[in-house]
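Student: Could you take a close look with me at one part of this model, the place where two chains meet?

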Amino acid sequence: MKNIINLAIISVALISFSCSDDFLNEPKPTDAVTENVIFDSREGVEAHLSGIQRFYRDQFRGADGSTDTGGMYSMYFVRTVKANDIIQGVSWFLFDYDNDNREPNYRRTIFTWDYPYYMINQANSIIQGLADSNLGVNDIKQLEAQAKAHRAFFYFQLAMEFQHTYSYDPSLPAPPIYTEMATEGKPMSTLSEMYDLIIDDLTYAVANLDENRLGKSYINKQVASGILARVYLVTENWQGARDAAISAYGGNPSASLNASEYGNGFDKIENTEWIWGSPQTNDQSNYYYAAPHAFSDHFADGYYASYINEDFRALFSATDVRNLFDETYVPAVGTEYKFLTTTKFKFAFDSDLPLMRTAEMILIEAEAKHRLSDPTAHDILFSLQSNRDPNAVKSSNTGAALLEEILVERRKELYAELGVEWFDAKRLRRAIPRTGNHRLPNSDLAADDPHFFLKIPQKEIDANDNIDASVNDGKNR
Amino acid sequence: MKQKLHRITMLLFMLVVQFSYSQNQTITVTGTVSDQTGPLPGVVVIIQNTATGTQTDFDGNFSINVNLGATLEFSYVGMKSMTKTILDSSSLSIFLEEDTEALEEVVVVAFGKQTKKSIVGAIASVSDDIIDNQQITSVATALQGNVAGVNIISTGGQPGENPIIRIRGVSSINADASPLIIVDGAPYNGNLNTISGDQIESMNVLKDAASTSLYGSRGANGVILINTKRGKFNTPTKVSVKTTYGLSGRAVDRHELVNTDTFTQYTWEAIRNSNQYAGGMSPEDAASSASNSLVTTLGYNPYNSSIPVGTDGKLVSTDKKWDTDWGALIENNNAKRIEHTLGISGGSENTTHSFNLNYLDQEGSIQTSNFERVTTRLSIDTKVNKWFKTGVSLFYSTSAQNFPDQSGTSFTSTVQWINNLSSYYPLYRRDANGNFIYDEKGNTIYDYGNNQGALNAVRPQYQGENVVGSLYLYEKQYKRDNFTANGYMHFQILKDLSFKTQISYEKYMYDFYEYNHNEYGVAASVNGRVDQDRNFTTTKNIINTLNYNRKFGEHYVNVDLIHEAFERNINDLGAQGVGFLPNVKVLNGSTTPEAVRGAFTDETLNSFLSRVAYNYKEKYFGEISYRQDASSRFSPETRVGSFFAIGGSWILSEEAFIQNIDQIQFLKLRASYGELGNNKTQDEFGDPDYFPYLSLYETGWNELDNTGVILGNISDTGLTWEKTASSNIGIDFGMFGQYLNGSIDYYTKTSVDLIYDRPLPSSTGNDAIKTNVGSLKNYGIEVSLRSNIISNKNFKWTTGLNFSFDRNKITELTQESFINGTKRWEVGRSLYDFYLTEWAGVNPANGKGMWYVDIEDAEGDVIGRDVTEEYADATRNYVNKSSLPDMIGGFTNNLVYKQFDLNFLFNFSFGSYVYDSSYASLMNGMEDVGRAAHTDLQYRWQKPGDITHVPLLYNSQNDFTSRSDRFLFKNDYIRLKALTFGYNLPKTITNKMNISRLRLFMQGDNLFTWQSHKGLDPEQNLAGTTDSRSYNLKTVSLGLNLDF
């Protein structure tokens, strides 16, 4: 009898645990969502775009990353320290300052490759997801336009960082092109193929976007035009640069400038002169990664690492709102470079980071018009100069001298923001000699110096069947 | 083990023979017990039907009070028990005979127990007496040097951390290759450091497929069965107390660093060289520029002179305002260790109980690092009636670990700091004149190296941090609570048929707390930060077993049918906030929240198992098992895996032709084959990946108030089980009258469908894809020998030696090769073969480093090699060195002389290589200024024509210390892992004190280490790479055991 009872217990126990598939299907990821959630609604795709936008200012690869390889702001700042106006102390970006940080196994090289491609793949994920989605045609166009603008922006960075400039020789090899998500490595492309894609994507973006956007960090028609204007400077399409710059800032210099905001610390995205930026808050911060702020602000708890070249200060008049230089330290023998600092950028964990401003577009317009022999070029330049300095006097420069004046104005206006001095030297195939009280002698860049670009990372060569080690041949100085 | 089981058998026998004399006259009986070798100490003498007894002393003598007519029973391990009825008080002389049946040892195996004789697989045991001789904070370390084929690597000196465990090589690349841990029959998911060594009866390591196949999808990496102590039926309650006090310090020496004066001169030289050789200055200009720029390059000046190094490269004066010994400030070489254990166990006729309480407080090798743990365990078993048995084991453990960073590259990584920051920099803040800066209360302030100022303000290394400050001003604590309830019910349905259901429930609470100071360090600008995580992991496991066993004549059959269901629920919650008043260190005091996070993650596994064991005449044994698992870690299409194993053994010594050989007492052959799985998928950080087959959009990447997601890692939806086919051939033997015992095993393990993050060109936007990529073979030989060298009345010496040779070979890949850090994987090579640029020494002409570059002919064949000064042009090659050791093992000795005992264990590892990146960093030759430097820089190149292997000091970016075999070193070591010296008080004294044992002992761990490459702890990691890890501890303790 007892045995029968026992058997009954066992049967019940066994049956109750011979369980159904539910037991195995129940576990589901809770902190991530699947593709159909993203591409079923405009809000879903916008969330994806927000994630991309966040990565402009995040700490790329988290714990594996380093303070000098955080996001777009790091790429801009590398260009800043490679030139002459800013002196980087013995801190992060040290070897970039030395103009020698480009070997295939170096962190700089790997980051400058991996990060843009990571962003390009995210953009491709949107472009591909939209192709199969059942959203409205207008929604698809607007969202796709943003994704294409991101893709173009990062291909533009790759094109500049891994080869001579476009005007040097458009047929030179450029990094591989992916227009959809892939698991197989593609071969090297050419600069002209890459710029064709960049211009196609940006043209599509400008055509399909309007002024509206979710916030000032997102891409709208103005931002896409601004990127295109920069691209046309490199490809020397002056009409295109002029039109794109005007589209980006509106064409009315006085309405788009506000000199009183220049000295406020470059830490608020609300600044009316900012076309595009990366906002930060205390709960969405990249902390000490924020370049240039964490490096150049000598009155906050950062790295105290960036100094101003005395020769650069000499370009500014006393009444220029941009003359934000401070004789913070007493120079001594051997410490000549530890002297001048700038208060342009205020550092805190919630400092916003600029990506594009109206003044840059005004100066692109001025340069483009000058190249097109448009006599209003000088007026446009002066509209900015007089806004920045009430005592400014219009120069009598013409021709090449006027072009130089525009280029100097670009440095004075945009210093430490996006590496404008390096950008101009690279596209115009000029040298960057180091002058003034620089820390490191003999770190000059010659015209068309191979040190204007990086070698292809070894790990790409290792993993990509279509690229072999010869890709780096002949890239030494 | 043997002895205890024997005693159980004996006591059970006493129960059966239920008769007793009435109360009678008490007399004192004395006598001597001996065997063929002479008097026998430690023989248990018990009055039948009672729990009263004694033991023979070292001369084999005993004395006991008994009632006239009572029966005394004499028992001893390996001897036949004997009874004697006491009829008068005359002295007894008892002779015990050897018991050949004593080999019937019982071993805990997968889902049950088996006699040792019937085991067909490869199982190794570590018993409580071995564990007792070591001071372990994580029980797995007790396996090191004691079990052949188990590679244990204890990385670092943080007490409470668990070692890396690999059984029989490494059969996974990216999936977790650590073994499954089973505690009292149920999978254990908490942290192993919550269990104390004193609670363990035995640890069994299941190594081959026959023994692990019943764990199916989780068994591929081997299984460790931990069996905790339980009470014995009919045993008087015994109380044991053990207490130890000790001190610990670093077990081996650190790398030798140059002093501040040398450092300063070297830095000058490096700047001079850069000026001269990179900058093209004349030697005079280069020297004077170096003198002038030295202080500004270093940022600080501890010297009284404003230009401390003259143009001749010599210090003007060695007088300094500070000289910081970071090592002395950061390390703790007087770390205390205290451990107390209380054990109470016993049993009546139907119920047993066992209770254990352990307290451990151990400091680590880094200041403020410690581990404090209280752990308790209570087990009760009861026989309710003839057909129903039940029992429960309750376990609770709580621990707190203060864990300053002891590896890695974060700024607060302590050992990295010692090896990377020169003694040139001050601990406390100094003004431009080198005087202390005080806070408003007049106290010195830690220098974080990021202050406003032109001198003594901005450090070139680790700006914004001060590790000594971080040790005392920050807090980083891990608390773990673990509660386990493990119960069973056993029903004897028929004589041959039984059913058992076992349910275990485990709750693991992990509580992380970190505080960064409000005024100094990383969070100073936001007035401090508190970060907390509180994660709950709940696991439930139910096992139902139907067992049938029966003997048909000489045939014995045992059949198990088992169902197992497993569920894990993880509930994570975390918060982080900034903005704190001084001394407010809780989130309630935060003014600004920085982050909140939380997630639920579930995992399930559902399995059906069966096993049939058969033997004939207890001479021929066979076993076959089958398991089917379904795991939620894989897609519904790929989640079911089937695993089987078959094994057999043959007791040759039962055959007449062996029995005739006098030298051989026991001989057994074993063979097995089976397939196992591995579902322990991991992400790139080594954390479990519960949904590896899904490509997902990760939440949390918000842009201000807009929800943001980002496409996570690319996945392979067809990802499936990694499977390992194992075969094992083994022999067990006992020879020369049990003088020599041992086993030898040969195994091969072939793993297919390896789960791996296959590298992708990062131009695709992804670094890697998790997929099944190829196959891998591990094979090796394990030898384990034990010998009773001397065994006589006063002196006993037993020794054991075990070692294994383990090899690893890739047998298939989906592409030709992968580069993986310092390794390249290709068919025919091991996962652990270094693939590096080869260092070609220093060019005597200019002091620059050189590497080899292959010369190829037109067909691309290598026809020779050349040297280059361009690192990027150098060729990488296999350097025929591996990070896997050729041989690992251990050597144990146990000596007993009268009341004294001595036990020591060496473990060793030969043939592996380590890539020492700490040394590389110390040899960086002032490329990065401000870094600490190794004394080997004295051999640097200094002028054209110098022949040396150390390049010039050079303050410009260079590749001299880039990855090459320049920093690959042989990593052989022998370690005196444990040494115990004890003294037992004689019975004559303990009897007077009314206690059964009092033992005083001294224990030493890691007292001595011989190593081929100095400066590092030889235990680093499997890949043979360093990570600024802290050092294993050398511990010396005094202790006592008290039993009553």
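Student: Which strands form the open sheet, and in what order?

Tutor: Happy to! A word on conventions: this is a predicted model, where local features need pLDDT of at least 70, side-chain atom pairs count only at pLDDT 80 or more, and totals for chains, interfaces and linings use all residues. Residues are numbered from 1 along each chain as its sequence is written, while chains are lettered from A and ligands numbered from 1 in the order in which they are written.

The open sheet has 3 strands in the order E1(A)-E31(B)-E32(B), with antiparallel pairing. Strands (E, at least two residues) and helices (H or I, at least four) are DSSP runs numbered from the N terminus, and two strands pair if DSSP finds at least two bridges between them. E1 of chain A and E32 of chain B stand at the edges with a single partner strand each, so one side of each has no neighbour in the sheet.

Strand E1 (residues 32-33) of chain A pairs with E31(B) over 2 bridges, and A:Ala32 has B:Glu698 as its bridge partner. On the E32(B) side, B:Glu698 stands opposite B:Ile710; E31(B) and E32(B) are joined by 3 bridges.
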